[in-house]
Amino acid sequence: MKHRPFQQVDVFTAVPYRGNPLAVVLDGTDLDDAALQRFAQWTNLSETTFLLPPTDPAADYRVRIFTPGSELPFAGHPTLGSCHAWLRAGGKAKSGDRVVQQSAVGLVPIRRDGDRLAFAAPPVKRSAPSPSVLARVAAALGLKAAQIRNAQMLDNGPVWMGLLLDDVDTVLALKPDHRALKELRQKVGVAALTNASHAEAEAPTLIGRSNRESRAFGGRAQPTPIGLEVRAFAAPIGVEEDPVTGSFNASIAQWLIADGHLPERYIAGQGQCMGRDGRVHVERDADSQVWVGGDAVTCIEGSVHL
């Protein structure tokens, strides 16, 4: 065991402790899989990452991503959080304003826009869910068939069942049976489009909350309109609800933009039901590449004995 540089980063927020935390071990060399998994289980965060020298010469670094229960080929907030930690620790990209991360899903480009980072969403495979599984998932979520506007299986490394629901209030009111979802071995992401009447009704609350946060955090917080409200449930990998989910936001963006439900640029909100206030910035560029971005802040910095 040795002391290894460590950061705990909050992702998809510019305000500490309002996003999705990530543990980053900046030197994961000479550790076997069991040690990596054990440490990820101990942190008890949705994901823990370990940075390694790349094996692909095009990459700047390599990352392995672990939940408390398993390793993931790709995940969004660990991608941005790991890149933030690597840059903060003095990492220098080979190509200037683009960082290239190597993970099990392949090479993931990450672009820099000031302090904000955005990753290129990996290609997504879409398919219709099994009607019987969809019915069981709906029952576990307490949803009626009429509340589900559309459903897709979304695979960009992680596999999510994506549900587009009828209303933001439906999304926020869900109280899932996590045990049932775990038995189904199905990760589920739900989302609803916001609308003008909802935004107008919420405006006084958002403005009031922003003013309170602005006073508390030195004037940095501002009200941000959102186009999509999101929640993600991942009991099969040991995370009942993820605060802010990059991989699901990436795949649902590719689906909903392609099908005309959302514009080519929007902001998704996630984490309200967990006391968080995550913001995911989504954009599809002229080449039809979807970029998923957000702010990140380091909350803990030091070393771990591992």
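Mentor: Let's start with a term: a salt bridge is a side-chain nitrogen of Lys or Arg within 4 Å of a carboxyl oxygen of Asp or Glu. This is a predicted model, where local features need pLDDT of at least 70, side-chain atom pairs count only at pLDDT 80 or more, and totals for chains, interfaces and linings use all residues. Residues are numbered from 1 along each chain as its sequence is written, and side-chain values use heavy atoms, with hydrogens and water left out.

Trainee: Thanks! Which residue forms a salt bridge with Arg111?

Mentor: Side chains of opposite charge can pair when their charged atoms come close. Here the N to O distance is 2.9 Å. The partner of Arg111 is Glu283.

Trainee: How many residues apart in sequence are the parts that this pair ties together?

Mentor: Helices (H or I, at least four residues) and strands (E, at least two) are DSSP runs, numbered from the N terminus. Arg111 lies in strand S7 (residues 106–113) and Glu283 in strand S16 (residues 278–284). The pair therefore ties together parts whose separation in sequence is 172 residues.

Trainee: How far apart do the C-alpha centres of domain 1 and domain 2 lie?

Mentor: An automatic or database domain assignment gives the bounds. Domain 1 covers 3–121 + 296–305, and domain 2 covers 125–202 + 224–287. Their C-alpha centres are separated by 24 Å.

Trainee: About how much area do domain 1 and domain 2 bury between them?

Mentor: Buried area is the accessible area (1.4 Å probe) that two parts lose on being put together, summed over both. For these domains, 57% of it is on carbon and sulfur atoms. The total is about 1600 Å².

Trainee: Which three residues supply 33% of the area that domain 1 buries against domain 2?

Mentor: Their share is more than that of any other three residues. In answer to your question, they are Phe12, Arg18 and Phe74.

Trainee: How many residues of domain 2 are in contact with domain 1?

Mentor: Contact means heavy atoms within 4.5 Å. Domain 1 brings 23 residues to this contact. On the side of domain 2, the number is 21.

Trainee: What kind of aromatic pair do Tyr61 and Trp86 form?

Mentor: Rings of Phe, Tyr and Trp (its six-membered ring) pair if their centres lie within 6.5 Å; planes under 30 degrees apart count as stacked, over 60 as edge-to-face and the rest as tilted. For Tyr61 and Trp86, the values are 5.1 Å centre to centre and 35° between the planes. The pair is tilted.
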